[in-house]
Amino acid sequence: MRKNWWKLLAIVLLVFTVVAGMLSEVPRLAILNETIRNLYFHVPMWFGMILILLISVVYSIKYLRNPTVKNDVIAYEAAKVGILFGVLGIVTGMEWAKFTWGEYWSNDPKQNASAIGLLIYFAYLVLRSSFSEQQQRARISAVYNIFAFAALIPLLFILPRLTDSLHPGNGGNPGFNTYDMDSSLRLVFYPAVLGWTLLGIWIINVKSRLEILRQRIYETV
């Protein structure tokens, strides 16, 4: 039980996020109105994606220094979970954009940069499937993974700020924290970030253990 406290915490935080996110009072802001509740889902998923992809990069670096199956598997599974969170972030962002900007995809620099970042990571999955030899696949994938993360950060956080953008916090627009991130929003937002991130780590933990077990069974057969 002591080892699983963080899993229980993840469940509590996510239940709290969903219930409070749907039922709690939120600021009545022009254009956003009730859609501001998406702040508890869209933004935390992007935060979770960045943190999970960072875990993937860390284990890719660890693999290059210590080429073990465990390091490769965790890097790979973390990348897949990060991509999942990225896709969910794109989908929830498109839904939000429909209500606030009038269309699901407006070719906003932030949207385009996010899509490019995900395509870079989809290429990572394709790259891994191109090699049959385990060590070669793991080594080349680890190197690619490092460069993919290095490209993702400027795509998401630097380039959209250098041009006009509808997205909060980019193109000269104030972010939520600047004008409307009041205490009621923070009360749910920060637990949401932690909850979604812990869920991602939980998925990585389960999938990595299963994959390592599968490889061990395959080696003994």
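Author: A crossing of two helices is called left-handed if the near helix is turned anticlockwise from the far one by less than a right angle, and right-handed if it is turned clockwise. In this predicted model, helix H2 passes helix H7 in a right-handed crossing. The axes of H2, which spans residues 42-65, and H7, which spans residues 183-220, come within 8 Å and cross at roughly 40°, and the two helices are therefore oblique to each other.

On the H2 side, the contact is made by Val 43, Pro 44, Met 45, Phe 47, Gly 48, Leu 51, Ile 52 and Ile 55, and these meet Phe 189, Ala 192, Val 193, Trp 196, Thr 197, Gly 200, Ile 201 and Ile 204 in H7. The residues of this contact divide into 13 nonpolar, three polar and no charged.

As for the annotation, the unreviewed UniProt entry lists residues 40-61, 73-93, 113-131, 143-162 and 187-206 under "transmembrane region". Over residues 113-131 the chain is 89% helix and 0% strand, with the end C-alpha atoms 28 Å apart, while over residues 143-162 the chain is 75% helix and 0% strand, with the end C-alpha atoms 29 Å apart.

Elsewhere, helix H4, residues 109-129, holds Gln 111, which has a relative accessible area of 10% and is therefore buried. Leaving aside residues up to four places away in sequence, Gln 111 touches Ala 97, Trp 101, Tyr 104, Trp 105 and Ser 106.

Key: Residues numbered from 1 in each chain as written. Predicted model: local features only at pLDDT ≥ 70, side-chain atom pairs only at ≥ 80, totals over all residues. Heavy atoms only, no water. Axes fitted to C-alpha atoms, helices over the stretch in contact; angles between N-to-C directions. Helix = DSSP H or I, 4+ residues; strand = E, 2+ residues; numbered from the N terminus. Parallel < 35°, antiparallel > 145°, perpendicular 65-115°, else oblique. Contact = heavy atoms within 4.5 Å. Nonpolar A, V, L, I, M, F, W, Y, C, P; charged D, E, K, R; others polar. Buried < 20%, exposed > 50% of the residue type's maximum accessible area, 1.4 Å probe, protein only. UniProt positions renumbered as here; feature names shortened; annotations may be inferred.
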